Amino acid sequence: MIKVSFDFDKTLSRKDVQEYAVELINRKVDVWICTSRTSDPYKLNNDDLLKVADDIGISRASIIFTGYENKSDHLNNKGFLWHLDDDVIELSFIKTDSDLKPISIYMNDKWKVECESSFKSANP
């Protein structure tokens, strides 16, 4: 099963990205959230993230809270095809420090095309 990852803030928090995530889930893609947020409820309320995950069908076991560490440290060598994010610094770490494809949603209206072309590359 192909596994992909979405950032939450300014990425999966967007309705168009949520719709795409649901489409992927319906296509049997293993969809995860990887966020810089902490999971500590005393430091940050994650109700918004958890509601979106529940609404679109992402299991709580498929949410990675990095606690403000580099996402590449949590995604590398875990079988992810790509990670979609708005943070260019996170994406640059993923590009240099990991085995998955970083895809930018920041000022990029072709993010979905890039995601889809990655699937084609993975399944020639």
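Visitor: Which residue in β3 is the bridge partner of isoleucine 33?
Guide: That's isoleucine 63. Keep in mind that this is a predicted model.

Visitor: And how many bridges hold β2 and β3 together, and in what sense do they pair?
Guide: There are 3 bridges between β2 and strand β3 (residues 63–65), and the pairing is parallel.

Visitor: Which helix goes with those two strands in a β-α-β unit, and what's the handedness?
Guide: Helix α3 (residues 47–56) does; with β2 and β3 it makes a right-handed unit.

Visitor: What about β1 and β2, how many bridges there?
Guide: 4 bridges join β2 to strand β1 (residues 3–6), and those two run parallel. As one of the pairings, serine 5 sits opposite tryptophan 32 in β2.

Visitor: Is β2 largely enclosed or open, and why?
Guide: Enclosed, largely, by the rest of the structure, because 5 of the 6 residues in β2 (residues 30–35) are buried.

Visitor: Switching to the cores. In the largest nonpolar one, which residues touch the most other members?
Guide: Phe6, Leu12, Leu24, Trp82 and Leu84, out of 25 residues in that core. The elements giving two or more residues to this core are β1, α1, α2 (15–26), β2, α3, β4 and α6 (111–122).

Visitor: Which element gives the largest share?
Guide: α3, with 5 residues of this core. Apart from this core there's another one, of 7 residues, and Trp32, Phe80, Ile94 and Leu100 are among them.

Visitor: Now aspartate 7. Where is it, and is it buried or exposed?
Guide: Aspartate 7 is in the loop between β1 and α1 (8–12). It counts as buried because its relative accessibility is 5%, and the cut-off for that is under 20%.

Visitor: What does the side chain of aspartate 7 make a polar contact with?
Guide: The side chain of lysine 71, at 2.8 Å. Leaving out residues up to four places away in sequence, aspartate 7 also touches Cys34, Thr35, His83, Asp85 and Asp86, among others.

Visitor: Let's do α5. Which of its residues are buried?
Guide: In α5 (residues 88–97), Glu90, Leu91 and Ile94 are. They span an arc of only 100° around the axis, so they lie on the same side of the helix.

Visitor: What covers the buried residues of α5?
Guide: The cover includes α4 (71–75), β4 (80–85) and β5 (101–104).

Visitor: And which exposed residues are on the face turned away from the buried side?
Guide: Val88, Ile89, Lys95 and Thr96.

Visitor: At the start of α5, what does a side-chain oxygen of aspartate 87 reach?
Guide: The backbone nitrogen of isoleucine 89, to within 2.8 Å.

Visitor: One more: how far apart are the C-alpha atoms of isoleucine 105 and aspartate 87?
Guide: They're separated by 8.4 Å, with the two residues 18 apart along the chain. Isoleucine 105 is in the loop between β5 and α6, and at 4% relative accessibility it counts as buried.

Visitor: What is isoleucine 105 in contact with, leaving aside neighbours within four places in sequence?
Guide: Lys10, Thr11, Arg14, Val17, Leu84, Asp85, Asp86 and Trp111.

How values were computed. Residues are numbered from 1 along each chain as its sequence is written. This is a predicted model: local features need pLDDT of at least 70, side-chain atom pairs count only at pLDDT 80 or more; totals for chains, interfaces and linings use all residues. Side-chain values use heavy atoms; hydrogens and water are left out. Buried means under 20% relative accessible area, exposed over 50%, partly exposed in between (1.4 Å probe, protein chains only). The arc is that of the directions from the helix axis to the C-beta atoms. Contact means heavy atoms within 4.5 Å. A polar contact is a pair of N or O atoms within 3.5 Å; within protein, one must be able to donate a hydrogen and the other to accept it, and residues adjacent in sequence count only if both atoms are side-chain atoms. Two strands pair if DSSP finds at least two bridges between them. A crossover is right-handed if, with the strands pointing away from the viewer, the path from the first strand over the helix to the second runs clockwise. A nonpolar core is a set of buried Ala, Val, Leu, Ile, Met, Phe, Trp, Tyr and Cys residues joined through side-chain atoms within 4.5 Å.
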